[in-house]
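Here are some notes on the aromatic side chains. Please read them with the model open.

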Amino acid sequence: MNTTVDAITAEVVSRHLFSISEEMGATLIRASFSPNIKERADCSTALFDREGRVIAQAQRVPIHLGSMIGAVNAIRARFDEAEIKPGDMFVANDPYSGGGSHLPDINVIAPVFWRDRLVAYVANIAHHADVGGMVPGSEAAVCRSIFQEGIRIPPVRIMRGNVPIKDVLDIILLNSRTPDERVGDLNAQFASNVTGIRGVLALFDRYGETTEAAIAAYLDYTRRRFISAINSIKPGVYRSEDFLDGEGPGETARLALTLTVGEGRLDFDFEGSAPQLSWARNIPDQALIATIYTVTKSLLDPDVPANAGYFDTIDVRAPKGSVVQPVAPAPVGCRSISCGVLGDMIAAALSQAMPGKAIAGSGPHHLAVFAGPGTQEGSYFVNYETIAGGMGARAYRDGMDAVRVHASGASNLPIETLEHAYPLRLERYALRDHSGGAGKYRGGTGVIRDYRALVDGIHVSLSSERQHVPAPGLEDGGNGEVGRFILNPGRPDERVLSSAEADVALPKGALLSIRTPGGGAYGPPSERSVEALAQDVREGRGPSKDVPGKVSAM
């Protein structure tokens with residue numbers, strides 16, 4: 001094999017690999033069946049070398065990266081390389097045995113053989129709207145055990161000789177409330193991997209064994225570039241903390257971080273974090289590392305390639321049995337929302353080392369899973385939706401409004417798709433005025449999204465963060481407004497729901513108002529510029545005034 005490669009070839013190969021991962025993502029989205037993937041793009045794709053290192057990831061949902069890494073590692077640990085054959089595909093979702101980060105995210109992995117030699121893996125992950133469990137949607141903060149969250153799949157073959165294994169498929173489908181969607185989405189995942197295999201083989205056919213040398217060179221370039229970024233910030237030891245919501249008002253769970261910035265290395269130590277929780281806000285290892293990788297990249301060098309080269313500069317330690325390193329059977333379904341708070345804590349520590357790029361706390365998305373009788377006679381629907389919050393302000397600009405923060409992603413579900421597919425009507429979708437903290441640079445605002453039930457028999461499960469602890473401001477900036485779930489606002493039967501609910505009945509005519517949290521501000525409000533204040537007046541922005549039962553003027 002060639003051991004050296006010129007920089008131009010390495011760049012061309014790396015760009016080709018990235019384009020393959022993007023093409024895989026396009027195939028998955030276009031071929032999928034459910035609105036959650038086809039419309040919201042709650043999926044990701046990536047390529048790995050034969051050693052299981054990430055070499056290219058499509059720019060979709062960052063938190064999925066940890067799960068795909070975990071699934072590839074779990075497959076390589078469970079199966080000898082001699083057991084893996086062309087035409088195989090593997091499936092896994094379990095956080096404790098299959099490298100997953102929560103059960104609705106199903107990984108499908110395929111090996112790539114070139115000239116009878118294993119040279120790579122292609123991988124995709126898709127969030128399936130229901131994989132069983134105690135509540136429709138298979139994700140609710142109220143779950144007490146992973147066994148309540150859905151079917152657990154260790155790394156097993158789901159395809160042999162390019163033919164799906166029906167027995168494995170049947171087990172997955174039987175455990176879902178919406179099996180027709182599941183089979184359609186799984187077929188889309190198979191198609192995505194076929195696209196990836198073809199692309200990788202074409203690349204190897206063009207460059208031969210030089211391909212692997214080019215990949216190694218690009219990983220090394222990434223590592224050296226990120227070491228340079230680390231060395232550009234102030235070395236030292238930095239500490240931060242934040243808190244997840246608890247089960248009742250005022251109840252919280254502590255996240256703690258000691259960050260050591262050394263010579264070309266970052267060390268993240270989560271000693272002092274709360275013990276693992278009995279509700280599904282725990283953050284498994286794969287979600288923890290994905291959030292760390294994403295936040296450090298975005299603050300230190302946003303343009304560095306998303307591959308394993310820069311992962312090698314990061315060390316992570318988390319106490320086993322803690323909220324950031326749970327052990328089975330701790331539930332983990334709502335780890336993505338928890339990672340919004342985790343991302344704030346990581347950013348807070350890094351901001352001390354690089355104050356010019358500091359970022360205040362953000363408002364993570366809220367989750368609603370609607371289920372009930374579908375629009376077709378005798379049908380049943382599960383509608384999984386995440387509603388964006390507000391990004392914290394930076395040391396030099398206002399926070400972004402209505403955005404998924406840190407390692408989370410996926411789009412909103414368009415109103416037209418929602419109302420066409422489900423017996424729901426969206427009566428309001430707007431920025432939540434005044435929800436961002438006030439400061440020299442204001443925090444981003446959250447969202448108001450109001451759903452009307454059009455038939456009887458609909459139930460909704462709700463999960464969130466930042467309903468007890470607001471997104472903190474920085475340098476005397478104001479905190480963001482906390483989020484809320486309000487049932488039938490303004491009516492005599494109005495009820496403010498808790499930050500985690502399961503199977504709340506929505507009879508015909510009921511209205512659920514979801515109001516997501518805003519981001520924290522940076523700097524004191526007295527230092528906001530005259531031009532920015534004038535723009536705030538034009539846009540109707542100001543201090544938080546939102547109260548239950550009242551929506552501020554738009």
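**Notes on aromatic contacts**

1. Tyr 221 is partly exposed, with a relative accessible area of 32%. The classes are buried under 20%, exposed over 50% and partly exposed in between, using a 1.4 Å probe and protein chains only. Tyr 218, at 13% relative accessibility, counts as buried.

2. A word on the basis. This is a predicted model, where local features need pLDDT of at least 70, side-chain atom pairs count only at pLDDT 80 or more, and totals for chains, interfaces and linings use all residues. Residues are numbered from 1 along each chain as its sequence is written, and side-chain values use heavy atoms, leaving out hydrogens and water.

3. Rings of Phe, Tyr and Trp (its six-membered ring) pair if their centres lie within 6.5 Å; planes under 30 degrees apart are stacked, over 60 edge-to-face, the rest tilted. The count by this rule is nine aromatic pairs. One of them is Tyr 218 with Tyr 221, tilted, at 5.6 Å centre to centre and 35° between the planes. These two tyrosines are three residues apart in helix α6 (residues 210-231), so about one helical turn separates them. Helices are DSSP runs (H or I, at least four residues), numbered from the N terminus.

4. Phe 226 and Tyr 310 have ring centres 4.8 Å apart and planes at 45°, so this pair is also tilted. It links distant parts of the chain: Phe 226 sits in helix α6 and Tyr 310 in helix α8 (residues 308-311), 84 residues apart. Both residues are buried. Ring pairs join Phe 226, Tyr 293, Tyr 310 and Phe 311 into a cluster.
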